[in-house]
Amino acid sequence: MKTRDYILFAILLAVAAAFPFMGVPRYIIASALLLFCYATVVSQWNLVFGVAGIFSLAQLAIFAFGAYTSALMGRYLDWSLWPTFPVAGAAGVVFSIFIGLACLRMRGIYVALLTLAISQTMFVLIQTDSDCSALNKVINPATCVSFTGGAQGLGDFGTFGWREVLGGRNWMMGDYYTMLGLLIVALVFTAAMTQSRIGLAFKALRDNEELATSRGVSVFKYQLIVFAASAFLTSMAGAFYAAHFGSVGSNLVGFALLLFLISMLVVGGIGRLWGPLLGAGLLMVADEFFKEFSDLRNIGLGVVVLLFMIFLPEGVAGAIESVCKRLQRIPLVQRIEQQLAERLRRRSAAPD
Amino acid sequence: MNFFIQIIVSGLTFGAMYALAAVGLALVWGAFNMLNMAHGIIMTLGAYFVLVWAELFGLPLWFAGPFAFLAGGIVGAIIYFISAHWMLTQKNFEVTIIIATFGLGMALEAGLMKLLRELFQAAPYAQPLSLGADSFLVGDVPVSYQRLIIWAVAVALIVLVALFLTRTTMGRAIRATAQNRDAARLMGVKVKRVYVIVLALASGLAGVAGIMLSSFKDVVPLMGQTPMLKAFIVIVLAGLGNMTGALYAALLIGMVEAAVKVLVADKWGFLAMLVVVVIAIIWRPAGLFGKHQIARQ
């Protein structure tokens with residue numbers, strides 16, 4: 001990370017913090033906070049897929065696992081949702097470690113197929129869960145639903161509770177800043193993780209596994225670390241999602257959402273620092289613009305993913321990077337850069 | 001005894017359908033390390049092809065099968081030319097092609113849904129190319145004639161594919177490409193033509209598998225997704241690219257699914273398969289029938 005990354009981060013942070021006070025309509029705030037939620041998931045996914053190079057498609061399963069953990073605890077144990085968030089995060093970590101263990105001896109494509117099958121298993125189990133659950137009979141005997149709510153989804157487990165604190169007009173602000181907080185934690189966490197020794201080990205294993213293992217980097221250890229580390233915030237994001245909408249459903253592990261998140265990852269740039277944020281931002285803005293053509297949404301997303309994979313597999317972040325590199329080769333730009341660096345050095349060297 | 005026969009009968013049926021879908025996937029992976037995530041939508045298209053053929057155009061039903069194979073093949077070739085053809089030189093082709101075909105498959109699926117909403121009113125349709133519930137008894141278990149047809153067609157198609165691969169020049173070219181792409185190219189094999197043909201063949205088989213699937217459950221737009229994932233599980237179990245292995249693994253997975261369905265409940269079938277595969281892979285990382293160590297990234 002360079003100075004310009006920190007500056008960019010600070011600017012974005014200021015804009016995001018001031019955003020609700022700029023007089024934008026409420027539904028825009030709602031999609032912005034959804035953006036934060038997805039960007040959190042994609043940033044964690046980027047850690048697994050982009051940085052560690054493990055092609056896992058289970059990120060959504062972990063996301064849904066967190067959402068359901070929170071929802072089920074809120075509904076059946078009558079907990080307020082706030083204490084369920086860390087529990088959901090921890091449950092997601094355990095779940096993810098199991099997935100990591102299951103695909104420990106697999107490489108590349110095998111991991112993708114197995115993790116996809118795991119997500120689909122979850123989808124099928126939720127969809128087909130239709131037996132009336134005894135726990136629900138206690139809550140509402142008239143409309144008995146199954147334990148996970150099945151194909152209809154599950155509601156009635158509470159929300160963040162900002163409505164009681166901030167009132168009916170401003171509760172969205174509460175949700176907005178909660179989600180923003182999560183995203184900030186996620187971005188700082190991924191950046192720190194990528195820079196750390198652990199992150200270096202991930203990259204070493206991704207780029208050349210034989211060499212890395214021969215230098216003493218353990219696949220077993222680091223694969224479990226990356227699965228565990230990326231799961232906590234993903235699962236929390238799921239729980240936050242549930243708390244914002246007040247309902248969860250099997251669509252959380254469905255192919256449509258997987259396509260949406262994968263397109264964020266691909267458009268932003270797999271393995272790039274700014275990729276997830278850039279991708280999530282671009283996709284959400286595009287989604288907002290093309291709202292009228294919502295029945296063409298998946299066609300558009302699918303084609304975008306295809307085109308990016310063919311022409312720009314590095315994503316927008318990768319493209320910007322290579323444009324910058326090409327710019328630096330122009331003599332004039334080089335001279336200006338040198339002068340700026342010179343001036344900076346002189347200023348910092350000068351006594352106060 | 002009865003439930004034993006029941007498991008065998010329905011296991012063989014599942015196995016036959018998964019085999020058709022999985023052998024194609026294994027063939028394509030063997031030829032050029034491509035996993036086609038649009039495989040499921042081709043199954044769906046195969047099922048709808050018969051529907052359109054019979055209901056909309058009123059053409060004779062018995063020709064529908066071969067033409068569905070042909071239609072699947074054409075879609076497969078189109079998929080090659082709009083995705084894989086441009087990506088062959090990418091350095092992690094195996095990963096990028098999965099994402100690309102996933103996007104393509106989702107786009108096709110959404111397109112199909114939109115089209116269908118205008119062509120047909122309600123979503124689920126009965127597969128016209130089905131003998132219905134007529135059956136004969138084995139012990140006390142009714143076995144429908146439909147199952148007999150499915151077994152016969154699956155065996156016939158797989159024998160045809162085997163003959164094609166072992167007895168024709170093109171088949172030899174395909175096997176050569178699978179063994180060593182560069183050597184095959186040096187021997188004058190036009191590998192890109194091999195890729196197209198292999199993908200078309202696999203997609204044709206998927207189209208027929210789709211008809212079979214829809215003759216048990218109705219024709220619905222999302223019907224291909226779960227069977228495709230099951231076919232993926234099959235080829236992972238067999239070891240990627242191993243065609244005979246895929247055949248055995250398909251039967252095994254079909255039996256597991258049938259056993260769970262008969263003895264426990266339908267909905268645990270998928271989970272049971274997953275558990276079988278995970279245990280098998282921990283035991284033998286290169287798949288049950290894989291000869292080599294884990295495929296290099």
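Guide: Helices are DSSP runs of H or I with at least four residues and strands are E runs of at least two, both numbered from the N terminus. Residues are numbered from 1 along each chain as its sequence is written, while chains are lettered from A and ligands numbered from 1 in the order in which they are written. This is a predicted model, in which local features need pLDDT of at least 70 and side-chain atom pairs count only at pLDDT 80 or more, whereas totals for chains, interfaces and linings use all residues.

Visitor: How many helices and strands does chain B have?

Guide: Read along the sequence, chain B follows the pattern α-α-α-α-β-β-α-α-α-α-α-α-α. The total for chain B is 11 helices and 2 strands.

Visitor: What radius of gyration does chain B have?

Guide: The radius of gyration is taken over C-alpha atoms, and the globule rule is 2.2 Å times the number of residues to the power 0.38. Along the principal axes, the C-alpha atoms of chain B fill a box of roughly 60 × 50 × 35 Å. A compact globule of 297 residues would come near 19 Å, and chain B agrees with this, having 19 Å.

Visitor: What percentage of the residues of chain B count as buried?

Guide: A residue is buried if 20 or more other C-beta atoms, placed from the backbone, lie within 10 Å of its own, exposed if 12 or fewer do, and partly exposed in between. For the 297 residues of chain B, the buried share is 50%.

Visitor: Which element of chain B has the highest mean pLDDT?

Guide: On this scale of the predictor's confidence in each residue, from 0 to 100, chain B has a mean of 86, with 95% of its residues at 70 or more. Over residues 293-297 of chain B, pLDDT stays under 50. Among the elements of chain B, the lowest mean, 73, belongs to strand β1 (residues 135-138), and the highest, 92, to helix α8 (residues 191-214) of chain B.

Visitor: Which element gives the most to the side of chain B that touches chain A?

Guide: Counting residues as in contact if their C-beta atoms, placed from the backbone, lie within 7 Å, the contact takes 37 residues from chain B and 34 residues from chain A. Two or more residues on the side of chain B come from each of α3 (64-87), α4 (93-119), α9 (225-238) and α11 (269-283) of chain B. With 14 residues, the element that gives the most is α4(B).

Visitor: At roughly what angle do the axes of α1 and α10 of chain B cross?

Guide: Axes are lines fitted to C-alpha atoms, for helices over the stretch in contact, and angles run from 0 to 180 degrees between N-to-C directions. The axes of helix α1 (residues 2-32) and helix α10 (residues 243-263) of chain B come within 6 Å, and they cross at roughly 145°.

Visitor: Is A:Ile99 buried or exposed?

Guide: A:Ile99 has its place in helix α4 (residues 81-102) of chain A. Beyond its neighbours within four places in sequence, A:Ile99 is in contact with A:Ala58, A:Thr115, A:Ile118 and A:Phe227. Because A:Ile99 has 23 C-beta neighbours inside 10 Å, it counts as buried.

Note on methods: Two residues are in contact if their C-beta atoms, placed from the backbone, lie within 7 Å.
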